Amino acid sequence: LSECFRRKARFVADGHKVSTPPSMSYSTVVSRDSVRILLLVAALNDLDILGCDVQNAFLSADNLEKHYLIAGDEFGHEKGKVFIVVRALYGLKSASAAFRSFMAKKLDEMNFVSSTADPDVWIRPAVKPDGSEYYEYVLCYVDDILAISIDPKSVLEGLKGGTVRFKNDKIEIPEMYLGAKLQKKSIDGLNCWAITSEEYVKAAVNTIKTSIAKENRWTIPK
């Protein structure tokens, strides 16, 4: 159930049955090295970090392919009608690329520029309250967004509107990013960030143990 007790359904295309050019099915994501570097930049420049998840990400973007569907029983009195797919339907090979293109356009409209070193790190010049100049950053890992700024909330709020909504309408201090745990710490009075893959490694090891145990090769130690 969604908000106001409305039921929510999702249609997923059989994208694996469609031959799509690689240029339409490829979507870059921010690198882990970029995240580490910008956590350091945030600490050195006394910048705050906030994150959010885009709700129903692919459905925010216009579709890059031409698709239609014929309504079934679940459409009630609309059964049999032909519907044109106008959003980046889940399951389409181009869905990720369509969403990235959509977010790139929004960030460009906000005067952010894609970094040469990492196209999923977006940069915009800004000025601190004391008059000193610095750069604001937006990091994109598909629908998982981080903003680094004196006022990161206003940056993320600028992304909202139109078809973009955030999950649970939340903008908050990030605890996880790229599968790694983030922690805000204070060292000698300097606020900084630590990143660790401990939780990711634990989950990976448990997955391997479970997989091997299912094949009856050995017993998982307690």
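## Charged pairs, hairpins and a cavity

Lys167 has a relative accessible area of 37%, so this lysine counts as partly exposed. Please keep in mind that the model is a predicted one. Lys167 forms a salt bridge with Asp143, and the closest N and O atoms are 4.0 Å apart. Why is this pair worth a look? Lys167 lies in the loop between helix H4 (152-157) and strand S8 (176-177), while Asp143 sits in the loop between S6 and S7, so the pair ties together parts that are 24 residues apart in sequence.

The count of salt bridges comes to nine. Three of them, including the one just described, are set out here.

| Lysine | Partner | Closest N and O atoms |
|---|---|---|
| Lys81 | Glu78 | 2.7 Å |
| Lys160 | Asp169 | 2.7 Å |
| Lys167 | Asp143 | 4.0 Å |

How accessible are the residues in the other two pairs? Lys81 is partly exposed, with a relative accessible area of 43%, and Glu78 is partly exposed as well, at 23%. Lys160 counts as partly exposed at 26%, whereas Asp169 is exposed, with a relative accessible area of 55%. Lys160 and Asp169 also belong to a network of salt bridges that includes Glu157.

Now to the strands. Strand S5 (residues 121-127) and strand S6 (residues 133-141) run antiparallel and are joined by seven bridges. Within this pairing, Val121 stands opposite Leu139 in S6. S5 and S6 form a hairpin with five residues between them, and Gly131 in the turn has a positive phi of about 95°.

S6 also pairs with strand S7 (residues 144-149): the two run antiparallel, with five bridges joining them. Here Val138 stands opposite Ala147 in S7. This hairpin has two residues between its strands, and Val142 in the turn has a positive phi of about 55°.

Val142 turns up again in the lining of the largest cavity, together with Ser27, Thr28, Ser96, Phe99, Arg100, Met103, Ala104, Asp120, Trp122 and Cys140. How many cavities of 30 Å³ or more are there? The count comes to one, and the largest cavity holds about 90 Å³ of space. Helix H3 (residues 95-109) gives the largest share of its lining, with five residues.

Technical notes. Residues numbered from 1 in each chain as written. Predicted model: local features only at pLDDT ≥ 70, side-chain atom pairs only at ≥ 80, totals over all residues. Heavy atoms only, no water. 1 Å grid on protein atoms, 1.4 Å probe; cavity = no way out; pocket = protein on both sides within 12 Å on 5 of 7 lines; lining within 4 Å. Points joined across faces, edges and corners; volume = space filled by probe spheres on them. Helix = DSSP H or I, 4+ residues; strand = E, 2+ residues; numbered from the N terminus. Pairing = 2+ DSSP bridges. Salt bridge = Lys/Arg side-chain N within 4 Å of Asp/Glu carboxyl O. Buried < 20%, exposed > 50% of the residue type's maximum accessible area, 1.4 Å probe, protein only.
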